[in-house]
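Please keep the sequence and the structure in view while reading.

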Amino acid sequence: MTQPLLTVKSLKKHFPGKSGFWGNQGVVRAVDGVDLTVYPGETVSIVGESGCGKSTTGRCILRLLEPTEGEILFQGKDILKLNEEQMRTMRRNMQIVFQDPFASLNPRKTIGQILADPLIVHGIGTAAERKKQVEEMIEIVGLTKQHLDRYPHEFSGGQRQRIGIARALILKPKLVIADEPVSALDVSIQAQILNLMQDLQKEFQLTYLFISHDLSVVRHISDRVAVMYLGKVVEVADKKSLYENPVHPYTRALLSAVPVPDPEHKAERILLEGDLPSPANPPTGCTFHPRCPVCVEMCKREIPALRKKAAGHFVSCHLE
Ligand SMILES: Nc1ncnc2c1ncn2[C@@H]1O[C@H](COP(=O)(O)OP(=O)(O)O)[C@@H](O)[C@H]1O
Ligand SMILES: [Mg+2]
């Protein structure tokens, strides 16, 4: 069997809580025990409501944030054991595309400079070779050489995201973590960017960890989907099983709110009551229990484990 490209084991990231009159108010359990495996060439998506810990998970994997606990293996190697210099080298293989390409592109640099920077940082090529690579890359993402002398503000949202993607790909990484890459874009532009990402995946044999709060976007691009709730993965399955046979009550509720092309097959809408609880003070037992339509006594006391439901389909729910 192929080796995973990325394995995340029991990942936790706890931020210090607000300090108040009575002292420190504990910790914010932003990520609280995430397990995830990503195989070469596949697209695994992490979905869940805003605030459930998706971005924190992505940032910990790249060590843009230092995890509190857990293991992150990239090609079998524990990257949390790497020193700064080794991590810098490793980052050539792991790149990120951000949600807001405007905020993440330096407004004072031209697109040419923005795309050449990663090559310079990693000491790749001569100036002439870098120029050639940058010119090739801008065309690969559907822009032209003429765009290289311009500044980020001269571009539309969709074009800026093409530039964000070009910047992530210029080092020919193996893994790309895309954190809500189309959430800031108009719906009409979203499909173009998703199609571009799929074409690039084939062309460069990329592996994607795709982060989104939007189940309809995720359906388009994923091979497998992990559903997160309050810092934990509550269900993970291949796309077909997840969309056709969602098991966790939270996944069912999320899916029931997604518009489907054929209204006759639409599942009855399950309303999620209340807001996402605060990760500074998560509910006991199954953290979903206060909002769960099928909650029983045990759910309030015992934390459910992520258990195998079918081949490749794992769920953490006492009732399933
Ligand atoms: N630097 C931080 N300090 C304290 N809390 C944080 C920090 N970053 C994120 N959080 C909290 O962690 C939780 C998860 O955040 P995030 O990973 O951004 O969620 P998502 O990407 O799913 O919307 C949220 O409650 C958020 O407020
Ligand atoms: Mg986020």
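## The chain as a whole

The model discussed here is predicted. The chain has 320 residues, and a compact globule of that length would have a radius of gyration near 20 Å. The value for the chain is 21 Å, which agrees with that expectation. Along its principal axes, the C-alpha trace spans about 70 × 55 × 50 Å. The secondary structure consists of 11 helices and 14 strands.

Of the 320 residues, 48% are buried. The accessible surface of the chain amounts to about 16,000 Å², and carbon and sulfur atoms account for 51% of that surface. Contacts across the sequence may also be considered: among those between residues at least 6 apart in sequence, 63% join residues at least 24 apart.

## The surroundings of ligand 1

Which residues surround ligand 1? The shell contains Phe15, Ala30, Pro279 and a run of residues comprising Glu49, Ser50, Gly51, Cys52, Gly53, Lys54, Ser55 and Thr56. By class, four residues of this shell are nonpolar, five are polar and two are charged. Helix H1, which covers residues 54-61, gives the most to the shell, with three residues.

Several distances describe how oxygen atoms of ligand 1 are placed relative to the protein. One oxygen atom of ligand 1 is 2.5 Å from an N or O atom in the side chain of Thr56. For the side chain of Ser55, the corresponding distance from an oxygen atom of the ligand to an N or O atom is 2.8 Å.

## A residue of the interior: Met197

Met197 is found in helix H7, which covers residues 187-204. Is Met197 buried or exposed? Its relative accessible area is 2%, so Met197 is buried, the limit for that class being under 20%.

Leaving aside residues up to four places away in sequence, Met197 touches Ile165, Ala178, Pro181, Tyr208, Phe210 and Ile221. A further distance places Met197 relative to Ile79: these two residues are 118 residues apart along the chain, and their C-alpha atoms are separated by 26 Å.

Conventions: Residues numbered from 1 in each chain as written. Chains lettered and ligands numbered in written order. Predicted model: local features only at pLDDT ≥ 70, side-chain atom pairs only at ≥ 80, totals over all residues. Heavy atoms only, no water. Near = heavy atom within 4 Å. Polar contact = N/O pair within 3.5 Å; in protein donor to acceptor, adjacent residues only side chain to side chain. Helix = DSSP H or I, 4+ residues; strand = E, 2+ residues; numbered from the N terminus. Nonpolar A, V, L, I, M, F, W, Y, C, P; charged D, E, K, R; others polar. Buried < 20%, exposed > 50% of the residue type's maximum accessible area, 1.4 Å probe, protein only. Contact = heavy atoms within 4.5 Å. Rg over C-alpha atoms; globule rule 2.2 N^0.38 Å. Areas by Shrake-Rupley, 256 points an atom, 1.4 Å probe, with all protein chains shown as cover.
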